[in-house]
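Please read the sequence alongside the coordinates while following the account below.

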Amino acid sequence: MPCLFGTNGVRGVTNDDMHVELALNLGRAIGTFFAGDIAIGTDTRTSNEMLKQAVVAGVTSTGCDVFDAGLVPSPVLQYYVRQHDLAAGVIITASHNPPQFNGIKVVAGDGTELGTETEEQIEGIYFSQTWTISAWHDVGVVQSVAAIGGYLEGVTAAVDVAAIAEKQFTVVADCGNGAGCVVYPYLLRQLGCRVITLNAQPDGTFPGRNAEPVEENVGDLVSLMQSSDADLGVAYDGDADRAIFVDENGGYVSGDKTLAITAAHAVAEHGGIVVTPVSTSSCVEEMVNQKGGIVHYTQVGSPIVARKMIEVDATFGGEENGGLIFPGHQYCRDGGMATAALLEIMALRDMPLSALAAEVPSYALVKTKVSCPHEEKQAILQAFIDAEEGEVDTTDGAKVMFDDAWVLVRPSGTEPIIRVYVEATEPSRAEELAERYRNRIAELVG
């Protein structure tokens, strides 16, 4: 059977491989599988209403009712689904992808992103076209709902609002013209912050910056932090489930460091386990261990992290890309909750972000890749594992540990490449290992 779902939903270029017919039939498959009430929301992309209406038509044709939350961040829709005990949720989003892309992401009734097994069952209905067709008097109805208020109440109940408000922080919120525009500046106001907004008008062409909040895309935020007296800068991706921070001096803080700061604080408060993928920096484990916690590693992917967190009753979890998961709030990445939690840490510890980040050990990270046909990637990976001397961690790809470094060789799930990640205590060591292992993979590819 062909594969429809990727690492984070179904994505493609609008009116090319992401078109109305796909959305309609996927809606039919979703409605057939869940057979219950389903909430739907969108990010700001130009095709959001087109694809949403197609999914809604498919879902309601199977007899399911739809609750339309409109334009909202992904975590808002996920919170609404769990809060109202719905069967599932659908988010029309392509997250950080360029504006020509759009996608359809499905979440389970507990608000978590779907696991692979469930996605395969929905794919089975989609490709076999064995969806339910309701009689005329049983088709579903559509109701518009307000999801933002409940979410704001949930976040503010999870942090010490009084402690944050007492500090009278000034926060620059770079919403990237995405779904965060309609929620996060207002959340910051409720937390007692003075808010300066950047790219805060919803616009699916993303005129302010690319939707991915990596360092090269947030130059305007960095400049504004350098020229203002703001205490914190935050940049969100297109569907606002991830948050990347800039300190009071305009210093870009990597997602690994934010994960280390928040994970260490959570463990210091509650003890326990932190869950994160094998690609995460060693700084996280070092910080967590200092506070008496332990780290469990998983395959790359926030749904995998979230489900492992549920399985082991973890205190905290997340990824190095700014996707943080707060189990006391909900088991999914949440950019708004991440912002509130970091402000709470700054307030309770009476420290600026630059000082918090300075506590995190620094490692040198090098990322490279080797071209490799899709059909050969697994064979190349196995050949690499067989030839490698010493122990190899195969949780996700192949991870080789050294006293002062690690190397992760991982086939891409979407591109004809094999990625090589190297982290070391010294930049020269990281560069040397990256070249060595890239050449080794290249030789195997031939």
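The paragraphs that follow treat the sheets, the helix packing and several individual residues in turn.

The model is predicted, so that local features need pLDDT of at least 70 and side-chain atom pairs count only at pLDDT 80 or more, whereas totals for chains, interfaces and linings use all residues. Residues are numbered from 1 along each chain as its sequence is written, and side-chain values use heavy atoms, with hydrogens and water left out.

Helices (H or I, at least four residues) and strands (E, at least two) are DSSP runs numbered from the N terminus, and two strands pair if DSSP finds at least two bridges between them. Contact here means heavy atoms within 4.5 Å.

Is Arg333 buried or exposed? Arg333 counts as buried because its relative accessibility is 6%, where buried means under 20% relative accessible area, exposed over 50%, and partly exposed in between (1.4 Å probe, protein chains only). The side chain of Arg333 makes a polar contact of 3.0 Å with that of Asp241 and another of 3.1 Å with that of Glu319. A polar contact is a pair of N or O atoms within 3.5 Å; within protein, one must be able to donate a hydrogen and the other to accept it, and residues adjacent in sequence count only if both atoms are side-chain atoms. Not counting residues up to four places away in sequence, Arg333 also touches others, including Asn8, Pro75, Glu113, Arg242 and Ser302.

Ser95 lies in the loop between β4 (88–92) and β5 (101–108) and counts as buried because its relative accessibility is 2%. A polar contact of 3.1 Å joins its side chain to that of Asp237. With neighbours within four places in sequence left aside, the contacts of Ser95 are Arg11, Asp43, Arg45, Ala211, Asp237, Gly238, Asp239 and Arg242.

β17 and β21 (residues 417–424) are joined in the antiparallel sense over 8 bridges, and Ser371 has Ile417 in β21 as its bridge partner.

The packing of two helices may be considered next. α1 and α2 (residues 48–61) pack at an angle of about 35 degrees, their axes being 7 Å apart. Their contact involves, among others, Val20, Ala23 and Leu24 of α1 and Met50, Leu51 and Ala54 of α2. By class, this contact has 9 nonpolar, 4 polar and 1 charged residues; Ala, Val, Leu, Ile, Met, Phe, Trp, Tyr, Cys and Pro count as nonpolar, Asp, Glu, Lys and Arg as charged, and the others, Gly among them, as polar.

Two asparagines complete the account. Asn15 lies in the loop between β1 (10–13) and α1 (20–34), and its phi is near 60 degrees, a positive value in a residue other than glycine. Asn177, in the loop between β7 (170–174) and α7 (184–190), has a phi near 65 degrees, which is likewise positive. Asn15 is exposed, with a relative accessible area of 57%, whereas Asn177 counts as buried at 0% relative accessibility.

Conventions: Axes fitted to C-alpha atoms, helices over the stretch in contact; angles between N-to-C directions.
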